[in-house]
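Student: Please take a close look at one part of this model, the strand pairing. I would like a single connected account, with the terms spelled out.

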Amino acid sequence: QVQFVESGGDLVQPGGSLRLSCAASGTGGRLYGMAWYRQGPGKQRDVVATITIGGSTNYVDSVKDRFTISRDDAKNTVYLQMLNLKPEDTAVYYCNAPGARFGDTLFDWGQGTQVTVSA
């Protein structure tokens, strides 16, 4: 079973930067399209950014030009570089492999990593 461990979250001031990491295990060498999701206080978990096996990326409008998703398949790791962070980016961030249907994911969720943006 594929498992994910997210890390890199922290408390940062508005305008700050963070780089999140998502380490996958149990993939057996198989590659998957991947995504970062976030769940803010009192909100549902939503996708933030996606990356295909070939490296094509997509972002929700609220993070375009600020966040960058990337992958290092040799390390089984997906990253999320976050710049110019805003208070509304405060959330627990998770990674997973998107399923065929919108909103579906292929594997169980990891523990996530907390990002708090506050002065």
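Tutor: Two strands count as paired when DSSP finds at least two bridges between them. A strand here is a DSSP run of E with at least two residues, and strands are numbered from the N terminus. The model is predicted, so local features need pLDDT of at least 70 and side-chain atom pairs count only at pLDDT 80 or more, while totals for chains, interfaces and linings use all residues. Residues are numbered from 1 along each chain as its sequence is written, and side-chain values use heavy atoms, with hydrogens and water left out.

Start with strand β8, residues 77-82. One partner is β3, residues 18-25, which runs antiparallel to β8 and is joined to it by 6 bridges. Within that pair, C22 stands opposite V78 of β8. Another partner is β7, residues 67-72, also antiparallel to β8 and linked through 6 bridges. There, T68 has Q81 of β8 as its bridge partner. The β7 and β8 strands make a hairpin with 4 residues between them, and N76 in the turn has a positive phi of about 55 degrees.

Next comes an open sheet of 6 strands, ordered β2-β10-β9-β4-β5-β6, with mixed pairing. The edges are β2 (11-12) and β6 (57-59); each has a single partner strand, so one side of each is left without a neighbour in the sheet. Further in, β4 (residues 34-39) pairs with β9 (residues 91-96) in the antiparallel sense over 5 bridges. W36 has C95 as its bridge partner in β9.

A pocket is an open set of points on a 1 Å grid over the protein atoms alone, with protein on both sides within 12 Å along at least five of seven lines; lining residues have an atom within 4 Å of a point. The largest pocket has a volume of about 240 Å³, the space filled by probe spheres set on the points. Strand β5 (residues 45-51) supplies the largest share of its lining, 4 residues. Among the lining residues are R45, D46, V47 and T50, together with Y37, F102 and W109. The second largest pocket holds about 200 Å³, and β5 again gives the most to the lining, with 3 residues.

Key: On a 1 Å grid over the protein atoms alone, a cavity is a set of points where a 1.4 Å probe fits but cannot get out, and a pocket is an open set with protein on both sides within 12 Å along at least five of seven lines; lining residues have an atom within 4 Å of a point. Buried means under 20% relative accessible area, exposed over 50%, partly exposed in between (1.4 Å probe, protein chains only).
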